[in-house]
Amino acid sequence: MLDASPPPLPLPIASPELHPPACEVRGLKKAFGAVQAVAGLDLRLPRGELYAFLGPNGAGKTTSIRMIAGLLRPDAGDILVHGVSLLRDAASAKRPLAYVPDDPVLYGKLRPLEYLEFVAALWGLREATAQPRAEELLQTLGLWEKRDEYIEGFSRGMKQKMALAGALIHAPTLMLLDEPLTGLDASAARLVKDLLNDFVRQGGTVVLTTHILDVAERMAARIGIVQAGRLVMEGTLDELRARAGQSGGSLEDVFLAVTSAATPPALPTS
Amino acid sequence: MTARTLARQTSVILRNDLRLLWRDYRTLRWRAFGTAGLLALILIVVHVFAFFIVHSLRQPPALGLEATAWVFFGFFMLGSTMNTSIGLLYEKADFDLLLGSPIDPRAVLLARLLSLGVSAFLSVGLFLLPLLNATSFVLAPRYFAGWLVWIFLAALSASAGVSVTLSLVRWLGVRRARVAVQVFAAVLGASVFLITQIPRMLPVRQSRAVFAQLTAISQHRAFTFLARGARAEPLPLAGLGLLAVGAVAVSTRRLSSVFISGSQDASSVVSPTRRRRAISPYRWAEGVTYATFRKDFRLIARDPLLLAQILPSAFYLIPGVIGFGRGGGIALIAPIAVVVAAQFSLLLTAVAAAGEQCWDLIRMSPSAEIRLRVAKMLAGMALPVGLATAICLVLAFAGRPWLALITLATALTTASACAWLQVTVIRPTARRDVLKKRVSGSIGRGIVSGALILSGALGVGMVSRGFALAGSVALIVLALGALACFTLAQPKDIDHPGGELG
């Protein structure tokens with residue numbers, strides 16, 4: 001019989017002073033026909049940081065994240081994951097990566113453990129590591145009681161948690177999350193936020209996109225705002241306030257001031 | 001609600017459906033012209049053929065023959081309606097909008113019924129249109145009445161199809177009805193085929209007697225009702241018209257409540273898994289090939305709709321199985337084992353490969369893609385090869401162990417070569433559309449697969465009848481063909497939108 005109170009989730013431990021950074025993006029560009037979705041994106045994400053990627057609809061957030069996840073080929077630029085180029089050595093670069101899309105597609109006719117077994121095998125995990133970890137993840141995320149049901153019967157929030165379990169099964173060090181709190185109820189949202197904070201505390205790096213600015217304001221160490229495929233502002237909340245001339249304002253004030261400007265201000269150079 | 005309001009509301013829905021259909025067609029761009037051109041070419045060829053045949057007849061065909069043809073077209077339209085009815089009735093994305101609006105649900109059902117009628121009408125167009133034109137222009141203008149019979153029959157088929165579908169929805173719920181309708185339509189089609197094959201399946205003397213009985217039935221007044229209508233006899237034509245209008249009116253009026261409750265049921269997802277009292281410990285699989293095989297096999301085995309779409313085609317092999325009573329003996333089932341293994345492996349592998357649901361997950365992983373392809377191929381082959389093995393066991397227990405062994409080896413070779421062709425070129429497609437859009441059927445791969453299946457079935461067929469040399473030649477051709485498939489057909493990049501990284 002399993003313990004009612006789940007054990008803490010084992011998360012990767014990495015020393016923050018290790019180099020190179022968890023992720024480095026250089027001059028990333030992507031166009032879909034005549035539409036320039038991403039127009040020269042540069043990012044540098046150190047280990048152990050939660051980075052919020054904000055922007056209005058159609059700004060290029062999801063396209064950027066999908067390129068970093070290795071799901072879209074950029075037209076130009078390079079992506080380095082722990083110093084390994086995703087374009088030159090995709091298999092090695094993908095090993096520490098995890099990506100959860102905003103509307104995750106799962107195998108409806110699989111049960112949770114069956115799904116996690118497949119994901120673990122994709123990342124080459126041994127049974128001795130994968131099975132206990134899968135069981136822990138299901139307990140931590142409150143899905144253990146549902147382990148004998150098909151995923152197709154899960155609610156949207158449960159599917160979101162299932163996708164998160166799949167993303168965490170191989171103990172990634174860089175997580176890319178597209179709107180991770182969509183469809184979650186208050187307690188599930190709190191659970192996910194705690195999980196992400198723990199992950200970052202233990203040296204993991206998280207890049208998340210969200211339209212819930214309150215979440216970004218409270219969780220993110222640094223925030224990047226994209227508009228029309230360009231990173232128009234980046235920094236801590238205080239730095240953003242100062243640059244946007246919104247001292248004392250909320251992230252919402254800063255965001256609206258930056259994104260409603262007719263001409264996006266040039267990226268400040270440090 | 002007045003009939004006028006109902007008509008107006010129905011026209012609003014139909015106009016929107018037509019607009020969406022036209023937009024879909026326009027997205028095909030040049031391919032749309034290609035498809036239309038090909039269709040026109042086929043129609044011209046079939047017309048020439050039909051005019052030639054009818055001209056050579058010089059006199060109208062027997063009424064019984066015409067009646068049989070009309071009944072066949074009627075069954076075909078009914079099968080087509082049932083195949084599309086659940087999709088059109090319950091899987092359109094606009095239900096929440098339509099049923100949440102003040103539009104009468106009967107207008108929604110009527111619009112869907114008319115769409116089904118049009119689709120039933122068009123489903124036989126390629127054959128019926130040339131025949132009608134040929135008989136009308138060459139034999140007698142009265143055959144133009146066939147157009148009316150065609151329209152009435154389409155309306156009747158749509159009403160009957162919807163009635164059967166909605167009855168199944170009422171008894172079984174949408175999820176199970178979806179499977180039942182597929183099986184029902186497949187059995188219906190196979191039954192028509194089997195009836196035509198009865199004389200072939202029986203010993204010669206009985207076959208003649210049955211043929212005589214079938215001929216007598218085909219000339220009965222009730223059976224020739226449609227054919228007499230198509231020859232412009234006023235009474236059958238008017239009767240058929242009244243029947244069609246009445247069927248549409250009754251279906252729309254009586255079935256709207258079942259339709260609404262079904263649409264509410266369709267939007268809710270209920271896991272069919274029964275809770276077990278004690279959950280047994282999970283047996284974990286290790287290794288990407290084995291785990292992928294298990295995953296894909298589970299997805300196939302747990303998809304009753306998919307199996308319902310594929311497995312009933314085995315009915316078409318029944319005449320061959322029964323035919324052994326006419327002199328071939330039990331050995332005649334050997335080629336059937338090869339056909340079952342190869343044809344079903346081909347289709348199920350296409351579903352497992354092109355119908356993969358989580359491409360993002362797979363593309364994100366650092367796994368070697370070739371292992372995933374092989375695992376998908378094995379998962380697609382597992383069930384059909386299992387069926388073929390069962391047939392081979394029957395052969396072995398019937399006293400032909402060597403033939404059983406040769407058949408099993410041939411079935412495995414043919415199935416693996418056909419399945420391999422399906423995983424070398426993968427075009428990601430929504431799982432439910434793989435069979436519908438014939439993703440498995442690019443012309444080149446179709447021809448090669450067909451040739452392999454033919455060689456295999458011919459080879460074991462010859463061997464089973466004692467023509468060892470001719471059989472061996474066919475089997476060597478198969479082996480060389482399979483070898484060529486494995487060496488020449490190399491896996492191509494999967495055509496993902498946006499391109500691959502790894």
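The C-alpha centres of domain 1 and domain 2 of chain B are 33 Å apart. All views below are taken from a predicted model.

**View 1. The two domains of chain B.** Domain 1 of chain B covers residues 3-267, and domain 2 of chain B covers residues 288-488. Chain B contains 19 helices and 0 strands. Of its 502 residues, 39% count as buried. Among contacts in chain B with a separation of 6 or more, 84% are between residues 24 or more positions apart.

**View 2. The two domains of chain A.** Domain 1 of chain A is made of two segments, 19-96 and 173-270, while domain 2 of chain A runs over 106-171. Taken over C-alpha atoms, the centres of domain 1 and domain 2 of chain A are separated by 26 Å.

**View 3. Where the domains of chain A touch.** On one side of this boundary are 8 residues of domain 1 of chain A, in contact with 7 residues of domain 2 of chain A. Helix 6 of chain A (residues 186-201) provides the largest share of the domain 1 side, with 3 residues. By type, the domain 1 side consists of 5 nonpolar, 2 polar and 1 charged residues.

**View 4. The interface between chain A and chain B.** Contacts between the chains involve 38 residues of chain A and 35 residues of chain B. On the chain A side, at least two residues each are supplied by helix 2 (90-94), strand 6 (97-100), helix 3 (112-122) and helix 4 (127-140). Helix 3 of chain A gives the largest share of that side, 7 residues. The chain A side divides into 22 nonpolar, 4 polar and 12 charged residues.

**View 5. The largest nonpolar core.** This core has 156 residues. Those with the most contacts inside it come from both chains: Ala165(A) and Val206(A), together with Ala337(B), Ala341(B), Ala342(B) and Ala411(B). Helix 14 of chain B (residues 333-354) gives the most to this core, 18 residues.

**View 6. The surroundings of Ala165(A).** Ala165(A) is among the residues with the most contacts inside the largest nonpolar core. With neighbours within four places in sequence left aside, Ala165(A) is in contact with Leu116(A), Leu137(A), Leu138(A), Leu141(A) and Leu143(A).

View 7. A separate core of 56 residues includes Met77(B), Ala145(B), Ala177(B) and Phe259(B).

Definitions and conventions
Residues numbered from 1 in each chain as written. Chains lettered and ligands numbered in written order. Predicted model: local features only at pLDDT ≥ 70, side-chain atom pairs only at ≥ 80, totals over all residues. Domains from an automatic or database assignment. Contact = placed C-beta atoms within 7 Å. Helix = DSSP H or I, 4+ residues; strand = E, 2+ residues; numbered from the N terminus. Nonpolar A, V, L, I, M, F, W, Y, C, P; charged D, E, K, R; others polar. Buried ≥ 20, exposed ≤ 12 C-beta atoms within 10 Å, placed from the backbone. Core = buried A, V, L, I, M, F, W, Y, C linked by C-beta atoms within 7 Å.
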